[in-house]
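Visitor: I am new to this structure. Please show me how to read its features, one at a time.

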Amino acid sequence: MKHPSQEVLALHAGGDLGWMARWKTARHLAGCERCTAEVGAFARFRETLPQLNQIPEVPWNRVAADMRANIRLGLAAGECVRSSDRPLRDSPLFTGARATLALASVLALMVTGLMLEGPAPSMASSNEPMVQATVNGIQSRSGDQAFGLMHSGARSVTYTVGAQGTLGARYTDPETGNVTMTKVYVE
Amino acid sequence: MWNNVKALTAAIVFLGATSLLAQDAAIPPGAVNINLPDNSPLALKSFTMADSRATARGAALALDLHMSATLVNNSPRRIHGVTLRVVAQEVTLGGKGSVTYPSLNVGPGETFQVRIDMQLMRPSQVTGGPLVQVDLDGVLFQDLSFFGPDRLNSRRTMTACEKEAQRDREHFKRILAQAGRTGLQREMLESMARQSEVSQLAVTVKRTGRAVTSAAIAPEHDAEFAFLEFPDSPVKPMNGSARISGNEARTPRIEVRNRSNRPVKYVEMGWIVSDPSGKQYMAGSLPSADTDLILPPGQSARLLQETTLSFSAKGQPVNVSKMVGFVNQVEFADGNIWVPNRQNLDNALLLKVLPPSAEEQRLTDIYRKRGGLDALVAELSKF
């Protein structure tokens, strides 16, 4: 037999279920002593709730002051028994909330920066001097420095490689109609 | 745990600060220096750098340059080719390139437009001087005379292009004369079909020795070149080899003999590779060193380059199984240049792997995009 959850039973005890759920729960309770007992316990607990309002008001400010005093006392006691000379912080630099906030701020900065920066040119990566074709051009590269001659928009690009360390591209310039030959050199 | 959090936080703060520092700024035209000699046959009529931007990326500067210039022919001769030398702060970066415009036909007083698109990545702390220097390296005239400092051997490059252009224009004119417009149209369609079927390799060239890549872990061995021979070639390839390791070929060398009666000062071999499945690609060219070759008639010399070429196609390494070489260009000591004729190129292997000449590409572009057969016939009649 599948029993209703504790939440459903508690809501049923307070008469807070919808009509369909209430009908289904009542139908289950009719044949289940265990759940009936649970509902009874919830009902009794509800009856005690109004009495909680009669508890005298707690002096929260005084309690907080006592807690702060106790914390200072504990820190002072810890300082006395501390073996190392490292100074203690009053509080950790990064609590969970602070770290989350800091990371979120930095993330926002990064996203903004990347948006301002725009798409990066397609540069190949290598530390050795080399020449190679890229998506829309030819390029010589050495470390983080690159020199590229581009043929954006050109179709039918023919590449020519010179074993002495050159790479060339030949295409018809879509704007001028001129056959154009570019070449880059390994330095 | 605490240390990890601190390290992570520090890294993120650094990255965030770097990104925040990224600034995008327009590059003024003064950042590019265009240098045309006083006695240059070309003059600068206008120059723009629209949409050129510099972006700071931490300690580096990314430059995106779009240069457009209009040049005017101030000489009394027709210009058939121009090469510009492009250098990005030579002292600090060393980036060097060239932009060549072959197949021009610019009469005296006429203008033409050139475009140079560049991307540079360089240290941001470099200061002083123009970002980019554009120099005139050479101008080739209709009569194959030349003007310019020729620091990039643009005379040879443009003369070879012009010889190929003359060869191909003559070929198409002959077709037109013999087979009419229908024949010329058929030839254009066949050329376009060949161009679309040529498979290209992505090749990386390094000056250093063997690269350390996953494909290069394969054991290295010597592979011999086979040769396609052209009967009229002034140079005969004798033998050759390269060190092969997976998709890398290192230190290619070919021995050639001058069988002409004139001294030769430059030889360039075409280089075709086959993968294990037999698919063939044009891999590149193997030129002789620019300065040290003077090959008298009957003598032999070795073309050798201390470089490593890595081959790939569609992002996958292409392992080298076989290699074929052929003579692609020869320059005699007197400056004359030999290029293969159309009969030489009418070879099943070369038709499959060799891209068309710059002129054939230009003529097919005219046929395809700029007015069809009428425009093509009109263009051929200009020469």
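Guide: Start with burial: a residue is buried if 20 or more other C-beta atoms lie within 10 Å of its own, exposed if 12 or fewer, and partly exposed in between, with C-beta atoms placed from the backbone. By that rule, 24% of the 187 residues of chain A count as buried. In chain B, buried residues make up 39% of the 383 residues. This is a predicted model, in which local features need pLDDT of at least 70 and side-chain atom pairs count only at pLDDT 80 or more, while totals for chains, interfaces and linings use all residues. Residues are numbered from 1 along each chain as its sequence is written, and chains are lettered from A and ligands numbered from 1 in the order in which they are written.

Visitor: How many helices and strands does each chain have?

Guide: Helices (H or I, at least four residues) and strands (E, at least two) are DSSP runs, numbered from the N terminus. Chain A has 5 helices and 6 strands. Read from the N terminus, its order is α-α-α-α-α-β-β-β-β-β-β. Chain B has 6 helices and 21 strands.

Visitor: Where do chains A and B touch?

Guide: The contact involves 57 residues of chain A and 58 residues of chain B. On the side of chain A, at least two residues each come from α5 (96–117), β1 (130–134), β2 (137–142), β3 (145–150), β4 (158–162), β5 (166–172) and β6 (179–185). The largest share, 10 residues, comes from α5(A). For classes, Ala, Val, Leu, Ile, Met, Phe, Trp, Tyr, Cys and Pro count as nonpolar, Asp, Glu, Lys and Arg as charged, and the others, Gly among them, as polar. The side of chain A that touches chain B divides into 29 nonpolar, 20 polar and 8 charged residues.

Visitor: Which strand of chain B is joined to β3(A) by bridges?

Guide: Two strands pair if DSSP finds at least two bridges between them. Strand β8 (residues 111–123) of chain B runs antiparallel to β3(A), and 5 bridges join them. One bridge can be followed from A:Met150 to its partner B:Asp117 in β8(B).

Visitor: Which strands pair with β18(B)?

Guide: Strand β11 (residues 202–206) of chain B pairs with strand β18 (residues 308–313) in the antiparallel sense over 5 bridges, and B:Val203 has B:Phe311 as its bridge partner. Strand β14 (residues 248–258) of chain B also pairs with β18(B) in the antiparallel sense, over 3 bridges; here B:Arg250 is partnered by B:Thr308. β19(B) is joined to β18(B) by 2 bridges and runs antiparallel to it. β18(B) and β19(B) form a hairpin with 2 residues between them, and B:Lys314 in the turn has a positive phi of about 55 degrees.

Visitor: Is B:Val318 buried or exposed?

Guide: B:Val318 counts as buried because it has 25 C-beta neighbours inside 10 Å. Its place is in the loop between β19 (316–317) and β20 (322–332) of chain B. Beyond its neighbours within four places in sequence, its contacts include B:Leu201, B:Asp275 and B:Tyr281. B:Asn247 lies 71 residues away along the chain, yet the two C-alpha atoms are separated by 5.2 Å.

Visitor: Which residues have the most contacts inside the largest nonpolar core?

Guide: A nonpolar core is a set of buried Ala, Val, Leu, Ile, Met, Phe, Trp, Tyr and Cys residues joined through C-beta atoms within 7 Å. The largest one has 92 residues, and B:Val267 and B:Ala283 have the most contacts inside it. Strand β15 (residues 264–274) of chain B gives the most to this core, with 7 residues. A second, separate core has 8 residues, including B:Leu176 and B:Tyr367.

How values were computed:
Two residues are in contact if their C-beta atoms, placed from the backbone, lie within 7 Å.
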